[in-house]
Amino acid sequence: MTVRDIQFIQDGAADMWRDVRWVESVGSTNAELLASGEPGDVLIADEQTAGRGRLGRAWSSPKGSQLSVSVLVDAPEAASSFGLIPLAAGLAVTDVIPQARLKWPNDVQIEGRKLAGILAEADFSGERPRVVVGIGVNVAWRRDELPVETATSLNLEGIEVDWDQLAVDLLLALGTRCAQVGDEQLLEDYRAACSTIGEMVRLERAGGNVEGRVDGVNDAGEIVIAGEAYSAGDVTHLRPAS
Ligand code: BTN
């Protein structure tokens, strides 16, 4: 099963999103919206054949497994707020799935297993800078078909959802959290949902890997490790050997 009643989703999300479209199959909902969307548009797909992940990786989203949704928003006016959009999107997922926590910046996890991924991509080519925010929530996977061993899915966690209601709830939470960018409450809530703060981590980044304890997430959304702030990279939580 996937999304069944697009009219239900359009009606439920209408206060925040002006145009909600559904397609059976698309390369990437992010790419499609960036190519042909307007701020306020939403695209949901049953299947992506060229889904895009963070740091240039591919993202697997076969039919029936995942809620794949992208929204297009105006870029925040302050450049310093750009890094907050992906955090806002991650928080929106945890608003809807309170069992989930966030590994910085926005890996949505349950018990350390990845439940959802988020990719925000900015486009400055036109007169009006825009950001597409794409979310893939694993809803119904067979354990032996998961793309990586460290992933999970709502069904595998015993969480049954109605796909259409999940889409509406996620879109409303996303609209609310994106509107909070620039508001201190967003960061306060993000920090409360972030499992990385206080952990010993390895940050893999282009400029060289860093290991240390995470002091926090600063007001620009950057991770602060042993007093130094970093805006991008892949975090691994390092667990003491038992
Ligand atoms: C990650 O690597 O964790 C981010 C994955 C983001 C996947 C979503 S699915 C909807 C949207 N369309 C894409 O091509 N990617 C994002």
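## Strands and the cis bond

Strands here are DSSP runs of E, at least two residues long, numbered from the N terminus. The model is predicted.

P105 takes part in a cis peptide bond with W104. The omega angle of that bond is about 0°. Most peptide bonds are trans.

## Positive phi angles

Most residues other than glycine have a negative phi. L55 has a positive phi, near 55°. L55 sits in the loop between β2 (41-52) and β3 (58-61).

A226 also has a positive phi, near 45°. Its loop runs between β11 (223-225) and β12 (228-230). Is A226 buried or exposed? A226 has a relative accessible area of 60%. Exposed means over 50%, so A226 is exposed.

## Helix α3

Helix α3 covers residues 84-96, which is 13 residues. At 1.5 Å a residue, the helix should span 18 Å. The end C-alpha atoms of α3 lie 19 Å apart, which agrees.

How many residues of α3 are buried? The count is 11 of 13, so the helix is mostly covered. Among the buried residues are L84, I85, P86 and L87. A88, A89, G90, L91, A92, V93 and T94 are also buried.

## The largest pocket

The largest pocket holds about 940 Å³ of space. It is lined by 43 residues. Closest to its centre are R57, W59, D107, K114 and V148.

What kinds of residue form this lining? The lining has 20 polar, 12 charged and 11 nonpolar residues. Both domain 1 (6-193) and domain 2 (200-237) contribute, with at least three residues from each.

## The second largest pocket

About 470 Å³ of space lies in the second largest pocket. Its lining has 23 residues. G83, P86, P105, A120 and S231 come closest to the centre. P105 is the proline of the cis bond with W104, and P86 is one of the buried residues of α3.

Which elements give two or more residues to this lining? They are α3 and β7 (113-123). Strand β7 gives the largest share, 5 residues.

By type, the lining of the second largest pocket divides into 14 nonpolar, 6 polar and 3 charged residues. Domain 1 (6-193) and domain 2 (200-237) each supply at least three residues to this lining.

Key:
Residues numbered from 1 in each chain as written. Predicted model: local features only at pLDDT ≥ 70, side-chain atom pairs only at ≥ 80, totals over all residues. Heavy atoms only, no water. Helix = DSSP H or I, 4+ residues; strand = E, 2+ residues; numbered from the N terminus. Expected span 1.5 Å × (residues − 1). Buried < 20%, exposed > 50% of the residue type's maximum accessible area, 1.4 Å probe, protein only. 1 Å grid on protein atoms, 1.4 Å probe; cavity = no way out; pocket = protein on both sides within 12 Å on 5 of 7 lines; lining within 4 Å. Points joined across faces, edges and corners; volume = space filled by probe spheres on them. Nonpolar A, V, L, I, M, F, W, Y, C, P; charged D, E, K, R; others polar. Domains from an automatic or database assignment.
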